Amino acid sequence: MIRTLSLAALIAGIALPALAQTPPPSAQAGQTPQDPYQAQFVDNEGKTIGRLTLRGGESAVVARIEIQPGILKPGWHGAHFHTVGDCSDTPKFQNSKGHVNHDQSKHGLLNAEGPDEGDLPNIFAAADGSVNAEISTFLIGLRAQDQEPGLLDADGSALVIHANEDDHMSQPIGGAGDRVACAVIK
Ligand SMILES: [Cu+2]
């Protein structure tokens, strides 16, 4: 097709500069490069305890969570995207504010009036406290061009892990308790 167009352009003697600017296939519409976004989890003392890797597409964000042993208590823990990318106020992490768009809908993946756009499945810490999990959401984008709202907006976002399991129903955070780990996404 391009060869035909080039030949036509040559014959007509026009439009060659425009053809020369045709982007390579990898940059054409519908294919945005999705470099993984990496951040670090800190605990209630501000110590680095693990790594967050986010990959975003036009329909989902996939979060890989790796936490080293000895930090979290074994068992299930709530995890949410909070609205502000600030984990500096240890030990409580209140600077990260509430869940993304919690003011517009109720919390809870299983709540008929929810979920809010920060809601995620629980993660599980093994007997030694370590976590290796990959969870996803279809409610939010990583970058604004993927899907609105985007985690990497002007004030960023945070992935917060809570002390207890999220029941995916009760307000405002499913009974998940204190914030025990936090990763800045900004
Ligand atoms: Cu939370």
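A polar contact here is a pair of N or O atoms within 3.5 Å; within protein, one of them must be able to donate a hydrogen and the other to accept it. Keep that in mind for arginine 179 below. The model is a predicted one.

Let's start with the whole chain. Of its 186 residues, 40% count as buried. The accessible surface comes to about 9800 Å², and carbon and sulfur atoms hold 56% of that. Take the contacts between residues at least 6 apart in sequence: 59% of them join residues at least 24 apart.

Now for arginine 179, which sits in strand β9 (residues 179-185). What does its side chain reach? Here are two polar partners.

| Partner of the arginine 179 side chain | Distance |
|---|---|
| Side chain of serine 96 | 3.1 Å |

Arginine 179 is buried, yet it has no salt bridge. The nearest side chain of opposite charge belongs to aspartate 89, 6.8 Å away. Leaving aside neighbours within four places in sequence, the residues in contact with arginine 179 include Asn44, His82, Pro91, Val160 and His162.

Is glutamate 148 buried or exposed? Glutamate 148 is exposed, with a relative accessible area of 59%. You'll find glutamate 148 in the loop between β7 (131-137) and β8 (157-162). Glutamate 58 is 90 residues from glutamate 148 in sequence, but their C-alpha atoms are 9.7 Å apart in space.

Note on methods
Residues are numbered from 1 along each chain as its sequence is written. This is a predicted model: local features need pLDDT of at least 70, side-chain atom pairs count only at pLDDT 80 or more; totals for chains, interfaces and linings use all residues. Side-chain values use heavy atoms; hydrogens and water are left out. Buried means under 20% relative accessible area, exposed over 50%, partly exposed in between (1.4 Å probe, protein chains only). Contact means heavy atoms within 4.5 Å. Accessible areas come from the Shrake-Rupley method with a 1.4 Å probe; for residues, only the protein chains shown count as cover. Helices (H or I, at least four residues) and strands (E, at least two) are DSSP runs, numbered from the N terminus. Lys and Arg count as positive and Asp and Glu as negative; His and the chain ends are not counted. A salt bridge is a side-chain nitrogen of Lys or Arg within 4 Å of a carboxyl oxygen of Asp or Glu.
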